[in-house]
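Please keep the sequence and the structure in view while reading.

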Amino acid sequence: MSETFNWGIIGAGRIARKFASDLKTIKNARLSAVASRDQGRAQTFADEYSAPYAYGTYEEILDCPELDAVYIATRHPGHAAASILCLDKGIPVLCEKPFAMNTGEVEQMIAAARRSNTFLMEAIWTRFLPTTRQALKWIAEGKIGEVQSVKADFGFKAERNLEGRLYNKELGGGSLLDIGIYPTFLSLLLLGKPQEILAHGVIGPTGIDEEMAAIFTYEGGKMAQIHSTIRADTKTEAFIYGSEGVIHIHSRWHEPTSMSLLLPGERPQDVFFDYPCIGYAYEAEEVMSCLAEGKKESEALPLSFSLDLIQLLDSMREKIGLTYRADS
């Protein structure tokens, strides 16, 4: 690996642009190549972010002469195929969340990574944000005692375009896979897999979940409450309730923001962070660090965690009657 870490991106949409912008904040990283199904779109993207290589098919990027890892930024249903395409060539992959459409696809991705002995990680940027790291530090230090429950939401009022991505079932639309994954991630990170799942959803005219809510229950009476919606703007906050105190991650909690430690009889301990980037740089740096150390997966976000996460999402989808083409 050269002194400069060369990233490729498959997909040239909004998330890909945010990731490319953040690469500029990492001193030893650069965007080397971009691939799209449209050559003109790929070239426009490459020109915008000074990438030397632009490809009009996903397959072509595999032969890029300068490539240390690829970030998969396609629509949800394309994640598994694009990831496996790279993994089979021995190219490390950071794949946007959700990792894939269902457990079966994720298992195929993990099998491809194991088969080629190649690095693979899900791009859950929230895991590597300073707020999440600080929350885990406070919990490890016993600041709030034992974690008893988690409450998190994510909602926004989307433009009601039934032809748009969020409402398009063929494109993996719906609130759960797009934004409900964040509260689900937090509950899994802090409490593990639940014993029981109660879930309800509002299935709209296009067949996707426009809103959903779930309650997870665990041994010892622990509980998580999660909510996602594309029908209304919510506070999008997270609360971690412990036996001795509370951690409040401020709105919008899944992205770079601030937080408070709330202890009985004390003033809130507010913590603010200096963010030099949008927030995607943290996950990119994790991948770069792992590869520099010869790791095949991240210890902070291992493949076993991503497998547990997609299994949780599948269970919730089953309970609210939400299916996709990939399930068949």
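Helices and strands are taken here as DSSP runs, a helix being H or I over at least four residues and a strand being E over at least two, and they are numbered from the N terminus. The model itself is predicted. With these terms in place, the annotated spans can be described. An unreviewed UniProt entry assigns residues 5-121 the annotation "domain: Gfo/Idh/MocA-like oxidoreductase N-terminal". In the model this span is 37% helix and 22% strand, and its end C-alpha atoms are 17 Å apart. The unreviewed entry also places "domain: GFO/IDH/MocA-like oxidoreductase" on residues 133-247. Here the composition is 22% helix and 35% strand, with 12 Å between the end C-alpha atoms.

The domain assignment divides the chain into domain 1, made up of 5-125 + 280-298, and domain 2, which covers 130-277. Between the C-alpha centres of the two domains the distance is 26 Å. Where they meet, 14 residues of domain 1 contact 18 residues of domain 2. About 1,400 Å² is buried between domain 1 and domain 2, and carbon and sulfur atoms account for 66% of this area. On the side of domain 1 that touches domain 2, the element that gives the most is helix 7 (residues 281-292), with three residues. That side of domain 1 consists, by class, of seven nonpolar, five charged and two polar residues.

The number of salt bridges between the two domains is zero.

The count of salt bridges by this rule is 17. One of the pairs is formed by the side chains of Glu 48 and Arg 17, with an N to O distance of 2.9 Å. Because Glu 48 belongs to helix 2 (residues 39-48) and Arg 17 to helix 1 (residues 14-23), this pair ties together parts of the chain that are 31 residues apart in sequence.

Attention now turns to the backbone. The peptide bond from Lys 97 to Pro 98 is cis, its omega being near -10 degrees. Pro 98 is found in the loop that runs between strand 5 (93-96) and helix 4 (103-116). Ser 251 and Arg 252 are also joined by a cis peptide bond, with omega about -10 degrees. The loop that holds Arg 252 lies between strand 12 (246-249) and strand 13 (259-262).

Which residues other than glycine have a positive phi? Asn 117 is one of them, with phi of about 55 degrees, and it sits in the loop between helix 4 and strand 6 (120-123). Thr 236 is another, with phi near 50 degrees; its loop lies between strand 10 (223-229) and strand 11 (238-242).

A last stop is Asn 168, located in the loop between strand 7 (147-155) and helix 6 (175-191). Apart from neighbours within four places in sequence, Asn 168 makes contact with Glu 163, Gly 173 and Ile 208. Asn 168 and Glu 286 are separated by 118 residues in sequence, and their C-alpha atoms are 32 Å apart in space.

How values were computed. Residues are numbered from 1 along each chain as its sequence is written. This is a predicted model: local features need pLDDT of at least 70, side-chain atom pairs count only at pLDDT 80 or more; totals for chains, interfaces and linings use all residues. Side-chain values use heavy atoms; hydrogens and water are left out. UniProt positions are given in the numbering used here, feature names are shortened, and annotations may be inferred rather than shown by experiment. Domain bounds come from an automatic or database domain assignment. Contact means heavy atoms within 4.5 Å. Buried area is the accessible area (1.4 Å probe) that two parts lose on being put together, summed over both. A salt bridge is a side-chain nitrogen of Lys or Arg within 4 Å of a carboxyl oxygen of Asp or Glu. Ala, Val, Leu, Ile, Met, Phe, Trp, Tyr, Cys and Pro count as nonpolar, Asp, Glu, Lys and Arg as charged, and the others, Gly among them, as polar.
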